[in-house]
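Biologist: Please take a close look at one part of this model, the ligand and its surroundings. What holds for the site as a whole, and what for the individual contacts?

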Amino acid sequence: MFDKSSIENYVADILCSLPPHVLLVAAAKTRTPEEVQAAIRAGIKIIGYNYVQEAERMRRVIGDAVEWHMIGHLQRNKVNKAVSLFDMIETLDSEQLAELVDKRCALEGKIMPVLVEINSGEESNKTGVLPDDVDALVREISGLSHIRIQGLMTMGPRFGNPEDARPYFKATKAAFDRLSKANIPNVEMRYLSMGMSNSYRIAIEEGANIVRIGTKLFGERPA
Ligand SMILES: *Cc1c(COP(=O)(O)O)cnc(C)c1O
């Protein structure tokens with residue numbers, strides 16, 4: 001049930017509890033414009049969407065007052081729209097996708113900040129580059145002039161006990177530090193996006209500086 005005052009309270013509570021260097025992305029899938037607006041009133045500056053079409057609809061209502069991050073798997077046939085809609089794509093996971101985004105950005109005269117998504121749990125049902133392949137992918141796409149690689153993102157396996165997610169966050173941070181030290185031209189390891197409602201505290205302990213939170217801001221999603 002939509003309740004703006006509780007959303008405003010949830011957002012305020014989380015914002016207060018985050019260390020100042022950590023950015024909060026409101027994962028807004030399935031939420032109404034009223035709910036998203038309540039979150040923005042309470043201080044949300046970045047909205048994350050999993051689907052281009054849903055983001056497009058919401059952006060028509062909300063406009064440019066906030067930043068828009070793509071946090072779901074980007075389908076190739078949605079790249080053009082995604083390039084014009086989003087301020088960051090957190091889920092780049094293949095050379096082919098990077099090339100498509102780069103090409104479209106060149107046409108639009110835009111440079112897209114991107115994060116490379118790692119499938120840290122090596123789960124067959126999840127997208128993201130496998131941990132062993134991330135360095136090669138970053139090197140391969142680092143020459144593209146219309147994307148800016150700014151870090152890594154991971155979902156990690158979902159556990160009842162979020163402590164169980166810690167090793168996957170640790171491994172992703174290790175890749176982040178390794179790529180950082182590698183000093184690859186055009187690559188800046190600046191953002192590490194990991195942690196959701198049940199795991200964000202642990203993710204921050206392991207080095208996340210972007211957390212993506214839905215349920216804890218907006219309440220449970222309808223089944
Ligand atoms: C839905 C979603 C989140 C937030 O999940 P919650 O458990 O609702 O906080 C974070 N990241 C991605 C990619 C998501 O799809």
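**The ligand site**

Modeller: The ligand sits in the largest pocket of this predicted model. Around the ligand there are 13 residues, and the closest are Lys 29, Asn 50, Ser 197, Gly 214 and Thr 215. Sorted by class, this shell comprises five nonpolar, four polar and four charged residues.

For Thr 215, a polar side-chain atom lies 2.6 Å from an oxygen atom of the ligand. For Lys 29, the distance between an N or O atom of the side chain and a ligand oxygen atom is 2.7 Å. Arg 221 also takes part: an N or O atom in the side chain of Arg 221 is 2.9 Å from an oxygen atom of the ligand.

Beyond the site, the cysteines deserve a brief remark. A search of the whole structure finds zero disulfides. Cys 105 has a relative accessible area of 0% and is therefore buried, the limit being under 20%. Cys 16 has a relative accessible area of 68%, so this residue counts as exposed, for which the limit is over 50%.

Conventions: Residues are numbered from 1 along each chain as its sequence is written. This is a predicted model: local features need pLDDT of at least 70, side-chain atom pairs count only at pLDDT 80 or more; totals for chains, interfaces and linings use all residues. Side-chain values use heavy atoms; hydrogens and water are left out. A residue is near a molecule or strand if one of its heavy atoms lies within 4 Å of it. A polar contact is a pair of N or O atoms within 3.5 Å; within protein, one must be able to donate a hydrogen and the other to accept it, and residues adjacent in sequence count only if both atoms are side-chain atoms. On a 1 Å grid over the protein atoms alone, a cavity is a set of points where a 1.4 Å probe fits but cannot get out, and a pocket is an open set with protein on both sides within 12 Å along at least five of seven lines; lining residues have an atom within 4 Å of a point. A molecule sits in a cavity or pocket if more than half of its atoms lie within 2 Å of its grid points. Ala, Val, Leu, Ile, Met, Phe, Trp, Tyr, Cys and Pro count as nonpolar, Asp, Glu, Lys and Arg as charged, and the others, Gly among them, as polar. A disulfide is a pair of cysteine sulfur atoms within 2.5 Å. Buried means under 20% relative accessible area, exposed over 50%, partly exposed in between (1.4 Å probe, protein chains only).
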